[in-house]
Amino acid sequence: MFVVMVIGGISIWAGVTFLLLHAARHRREVWPAEKAGVLIAWGGVAFPTVVLLLLLGYAVWLMPTIRPWNLLAAKDGAIEVTGEQFWWRIRYPAVGDQPAFETANEIRLPVGRPATFSLKATDVIHSFWIPALGGKMDMIPGRTNFLTLTPTRTGSYRAPCAEFCGASHAYMAFSVVVMEEDDYNAWRSRLTDGHAGVAAEGERLLQRHGCVACHSLRGLQIAGQTAPDLTLIGARLSIGAGALANTPENIARFIRSPSSVKPGAKMPAFNMLPEDDIEEIARYLGGLK
């Protein structure tokens, strides 16, 4: 669309510029009003109007692939993304025999397949934007907006919040990983299964210190609903919604004092915990892949 719009704009500019130069050049005879009127009507009115109408028609023709007209149809199979201060709640719908599940701060998509997003906000206005894949869409409390994007190449992309939303707006981002179809299905199966059968000291410490009141881990008896889901958090590209690289050291840093990393974060500081416990929890979470 961008290329076609540029070509159309250059055509209008070139045509009008030619008319300007043609009209300004020196002539021995005076042009009759009728001849000048014909030139203005065809070159200055008809030509730009026809080109602009063609460009408008082309943009309208593309719209069904840019965003869906039928919102009811868009809801079926849409990935629900909710903006919260200051992180992203992401819910994938059920597909075939694979159940729905929730994750946070990272979206994974199969290459070449259109993905529809159902966009919401719980507190203030946020804005969903994946610059490498397409335009942005506001996320407004009390309203659901829809956006459809089609990733055409594999890779990892950063997606910032594009609407000022508070003290940690600059530290609110999510990662987008575009994968081959088979890799995507394998990832989805792992994330759906969660941590069934896994038992470790880190898990017991999460429950002992009250982390389960807010966070959830599929496959374990941890099902908080007010904070990011931690299932396979070790496989994510970052922690804290893009605030830090995903390492056990940074996880421990975030546990000790979230507000020093993300001002205004609702998670309380846990620097009163024994340092050994913090490091064990960090190692445990970093190993969930």
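**Exercise 1. Which element of the protein has the lowest mean pLDDT, and which the highest?**

Solution. The structure is a predicted model, in which local features need pLDDT of at least 70 and side-chain atom pairs count only at pLDDT 80 or more, whereas totals for chains, interfaces and linings use all residues. Residues are numbered from 1 along each chain as its sequence is written, and side-chain values use heavy atoms, with hydrogens and water left out.

Start with the score itself: pLDDT is the predictor's confidence in each residue, on a scale from 0 to 100. Over the protein its mean is 87, and 93% of the residues reach 70 or more. Turn next to the elements, where helices (H or I, at least four residues) and strands (E, at least two) are DSSP runs numbered from the N terminus. The lowest mean pLDDT, 55, belongs to helix H3 (residues 71–75), and the highest, 96, to strand S6 (residues 126–128).

**Exercise 2. Determine how Glu102 and Arg89 are paired, and whether each is buried or exposed.**

Solution. Apply the distance rule: a salt bridge is a side-chain nitrogen of Lys or Arg within 4 Å of a carboxyl oxygen of Asp or Glu.

For accessibility, buried means under 20% relative accessible area, exposed over 50%, and partly exposed in between (1.4 Å probe, protein chains only). Glu102 counts as buried because its relative accessibility is 12%, and Arg89 is likewise buried, at 6%. Finally, both residues belong to a network of salt bridges that links Glu80, Glu84, Arg89, Arg91, Glu102 and Lys120.

**Exercise 3. Describe the setting of the salt bridge between Arg204 and Glu201.**

Solution. The side chains of Arg204 and Glu201 meet at 3.3 Å, N to O. Both residues lie in helix H5 (residues 201–208), three residues apart, which is about one turn of the helix. Arg204 is partly exposed at 46% relative accessible area, and Glu201 is partly exposed at 33%.

**Exercise 4. Locate Pro110 and list the residues that it touches.**

Solution. Pro110 lies in strand S4 (residues 106–110) and is buried, with a relative accessible area of 4%. Leaving aside residues up to four places away in sequence, Pro110 touches Pro151, Val178, Met179, Glu181 and Tyr184, where contact means heavy atoms within 4.5 Å. Pro110 and Thr150 are 40 residues apart in sequence, while their C-alpha atoms are 9.2 Å apart in space.
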